[in-house]
Amino acid sequence: FNAAEAGVEAVLGGGSAQNNVVIGEGTSASTYSVSTTTVGGTNAAFILNQTVAKDNTQQIWFIGHKTDGTLGCTDTDGTPLNCFNSNLLTLYWGNPGQSINDNNTPALEVTIIYKNAGGYQIAKAVYDPYSARTSNNHFINAGVDATGGFVPPYNLAFKVAANLSDASGPFKITGIGAGSTLYAARLRLLYNGTPQLLGAQPTDPGSTFPVQGKIISSSGTSGNVTRKVQVFESYSYLPGVFDFVLFNGSNTSLSK
């Protein structure tokens, strides 16, 4: 395990994938072989590789990451990068068999970060499968599909198709303008007593998400024993505490 973890740490520290790297000396020597695989960059659903606890925020990128760490749809050498350029987005959440009508039924808060007319803006919507709760929290229940079985083999419990540019939709009174640049979706689960599966997918088959990060797979060998460690390294984003800095519950803009 130590050898496998050493391979992961080598890549996290900026190293490249390598095979049969020797660590230690003599009879205590071990080897590791490590590889990396990018995640995203296709139309397939991006499901987070671990369940998400209540009030935790995860981010899905809509814009590509260049090799120098900046954001854009064209890399520093001119190579095109995948960017999500559609306003049709499908959201998935909930573990297989999750009840739709108890106090632990997870609701989903969605925050879209985008740029329009030179300024950065956000648009929010909150979906709740538990209809008896929405009379008090005023979350959106219409359109939430709870038939389950979405994105095999995960079989998530809930799905909703969102149109980010719908003028009558939840994200913004006027909708997110057609000329806007989409940057990211921040997804936060509410109410759930246990960690839940979470993910998203471009609804339009012709659109894609950019690369979301990479999976680092490392095998460590000592004698006749081999152990494997796998880590998902996502691109950096602000922690969820920043989602609680300021909230305006009205349609009137805040002024300083």
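This is a predicted model: local features need pLDDT of at least 70, side-chain atom pairs count only at pLDDT 80 or more; totals for chains, interfaces and linings use all residues.
Four strands make up an open sheet, in the order S4-S9-S6-S7, and the pairing is antiparallel. Strand S4, residues 57–61, and strand S7, residues 119–127, are the edge strands, and each of them pairs on one side only. On average, neighbouring strands here are turned by 20° against each other, direction ignored. Inside the sheet, strand S6, residues 107–116, and strand S9, residues 181–190, are joined by nine bridges.

Next, the aromatic rings. The whole structure holds eight aromatic pairs. One of them is Tyr92 with Phe150: the ring centres are 6.3 Å apart and the planes are at 45°, so this pair is tilted. Tyr92 lies in strand S5, and Phe150 in the loop between helix H2 and strand S8, 58 residues apart. Both residues are buried.

A second pair takes us back to the sheet. Tyr120 and Tyr183 have ring centres 5.4 Å apart and planes at 70°, so this pair is edge-to-face. Tyr120 is in strand S7 and Tyr183 in strand S9, 63 residues apart. Tyr120 counts as exposed, at 54% relative accessibility, whereas Tyr183 is buried, at 14%. Elsewhere, Phe62, Phe84 and Phe209 form one aromatic cluster.

Last, the surface. Leu238, Val241 and Phe242 make a nonpolar patch of about 310 Å². Val241 sits in the segment after strand S12, residues 225–234. With a relative accessibility of 56%, Val241 counts as exposed, because the cut-off is over 50%.

Technical notes. Residues are numbered from 1 along each chain as its sequence is written. Side-chain values use heavy atoms; hydrogens and water are left out. Two strands pair if DSSP finds at least two bridges between them. Helices (H or I, at least four residues) and strands (E, at least two) are DSSP runs, numbered from the N terminus. Axes are lines fitted to C-alpha atoms, for helices over the stretch in contact, and angles run from 0 to 180 degrees between N-to-C directions. Patches are made of residues with over 30% relative accessible area and no salt bridge: like charges are joined within 9 Å, nonpolar side chains (Val, Leu, Ile, Met, Phe, Trp, Tyr) within 5 Å. Accessible areas come from the Shrake-Rupley method with a 1.4 Å probe; for residues, only the protein chains shown count as cover. A salt bridge is a side-chain nitrogen of Lys or Arg within 4 Å of a carboxyl oxygen of Asp or Glu. Buried means under 20% relative accessible area, exposed over 50%, partly exposed in between (1.4 Å probe, protein chains only). Rings of Phe, Tyr and Trp (its six-membered ring) pair if their centres lie within 6.5 Å; planes under 30 degrees apart count as stacked, over 60 as edge-to-face and the rest as tilted.
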